[in-house]
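Hello,

Here is the structure I promised to pass on. Please open it next to this email; my notes follow below.

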Amino acid sequence: MSHHPLRQPVHYLFVLPAVLVALVLWASLENEDVGRAGQRILPWLLACLGAGLALLYNQVRTLCLLLLVALAFAVLHQDLGHYLRDGRVTALTPLRFHAISTWLPLLFTAHALWPERGRRQDLLLRATTSGVAVAAFILLAAQQPQGMHDLLSNRHFPWLPSDWNALAQLPAVLFLLATAALGWQAWRQPRPLHTAMLLALLCLWWMLPRIFLQPVLLPALSVAALLLMLAATLQESFHMAFGDELTGLPGRRAFNETLKRATGTYSIAMIDVDHFKKFNDTHGHDTGDDVLKLVASRLSRVGDGGRAFRYGGEEFAVVFLDRPASACVDAVEALRAGIEQSRMQLRDRSTRSRDDTLGQQQRGRGGGGAVVQVTVSIGLADSRVDPRPAGVVKAADQALYAAKEEGRNRVCAHGGQRVLAVRGSHAQTASR
């Protein structure tokens, strides 16, 4: 098909709390305060809060990442506290620092790229894999601490520049590779959590080589990394509850919540895809889903302050706050006309590959199938017909039924106040 599915936008508001809290901690803490045991509370509090939320929504990946950052903070905080109290580090501090700098990008990337299964078995497998790897390292380091320290801290690639990063060569290369992997994931699959994981990793990379020079960076950037993932998880949880996964539009629950807060005069347009069931049965459910995405992409650009929602099935709704129906007709008619002018070229089923991977690569490249036209019928009503939101929705539905009865592909206002008739097109229309 020539139509590309609607790509869900990533909203970056989850970055703000992390930045603000990090700046406040940075400005309010003195270096000598960082070593106190009380400074451990906030990172662990955020980690526990995020872990509870992750368990509630079966986000095993987020749970593991939060605990990983919290554990790294705990070990570094202990060594940093000793350094601030005594003015020198312990004998094992260099080894622990280089070990954390090496294992943190490895484990962070492994869990970030590990597909989310959302089951207890997944948590057990992740914990076992990570635990065995780290336990083996600890046993080797206990036997040969100096040798392990040299392995992690020495230069192994003479051809690499030595001054491009303040970390040892091996951890720096691992952080670079981890950043590239998470950056690729965030670009290919734009989601708040993917972006948050990338930003959290960058925070940790920037923090590690500076904590003994600027100790306040340890709690500030650890908290920032935890907050980034916690806020992104909250945003995705909100989207799961109030958004529609297929189209990216707000869903039925968000529509109901919007109407609860509506005051004064407002308008509702109910939109239904014409002949959708027959089109779905003829061309398949995958193509039917693309039709819904096409309609949603047009509705998401509605003008005059309207907000579009996926109401259910092939039905959508647009809410215009503080506007009577007469002031919304032009915007609604522009939606109908824009959808009518859209064309979709179906891929010939005989040319579709049986291989799923190859079939996915062919998507979006068009094909030799029929060119189809999608149309919608729209009913419009405002709150003057009924003070109750349910009454306004019912009136808009009645206007929608009138548009269907009068030939579809048109806009009808409640009570026949204004009807915009549309000539039929010679193109093939989506048919129920």
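Start at His-149, which sits in helix α6, residues 145-153. Bear in mind that this is a predicted model. The His-149 side chain makes a polar contact with the side chain of Asp-150, at 3.4 Å. Leaving aside residues up to four places away in sequence, His-149 touches Pro-94, Leu-95 and His-98.

Now the overall picture. The protein chain has 15 helices and nine strands. It runs to 432 residues, and 50% of them count as buried. Take the contacts with a separation of 6 or more: 72% of them are between residues 24 or more positions apart. The accessible surface of the chain is about 21,700 Å². Carbon and sulfur atoms account for 57% of that surface.

Ile-41, Leu-42 and Leu-45 make a nonpolar patch of about 290 Å². Leu-42 belongs to helix α2, residues 41-56.

Then the aromatics. How many aromatic pairs does a search of the whole structure find? The search finds eight. One of them is Tyr-83 with Phe-212, an edge-to-face pair. Their centres are 5.5 Å apart, with 85 degrees between the planes. This pair links distant parts of the chain, 129 residues apart. Tyr-83 is in helix α3 (residues 60-86). Phe-212 is in the loop between α8 (192-207) and α9 (217-242). Both residues are partly exposed: Tyr-83 has a relative accessible area of 27%, and Phe-212 has 24%.

Phe-255 and Phe-309 also pair. Why is this pair edge-to-face? The planes are at 70 degrees, and edge-to-face means over 60. The ring centres lie 5.4 Å apart. Phe-255 is in helix α10 (residues 252-261) and Phe-309 in strand β2 (residues 306-312), so the pair ties together parts 54 residues apart in sequence. Are these two residues buried or exposed? Phe-255 is buried, and Phe-309 is buried too.

One last item, back at the Tyr-83 pair. Tyr-83 and Phe-212 form one aromatic cluster together with Phe-97.

Over to you.

Best wishes

Methods: Residues numbered from 1 in each chain as written. Predicted model: local features only at pLDDT ≥ 70, side-chain atom pairs only at ≥ 80, totals over all residues. Heavy atoms only, no water. Helix = DSSP H or I, 4+ residues; strand = E, 2+ residues; numbered from the N terminus. Polar contact = N/O pair within 3.5 Å; in protein donor to acceptor, adjacent residues only side chain to side chain. Contact = heavy atoms within 4.5 Å. Buried < 20%, exposed > 50% of the residue type's maximum accessible area, 1.4 Å probe, protein only. Areas by Shrake-Rupley, 256 points an atom, 1.4 Å probe, with all protein chains shown as cover. Patch = residues over 30% accessible without salt bridge, like charges linked within 9 Å, V, L, I, M, F, W, Y side chains within 5 Å. Salt bridge = Lys/Arg side-chain N within 4 Å of Asp/Glu carboxyl O. Phe/Tyr/Trp six-rings, centres within 6.5 Å; stacked < 30°, edge-to-face > 60°.
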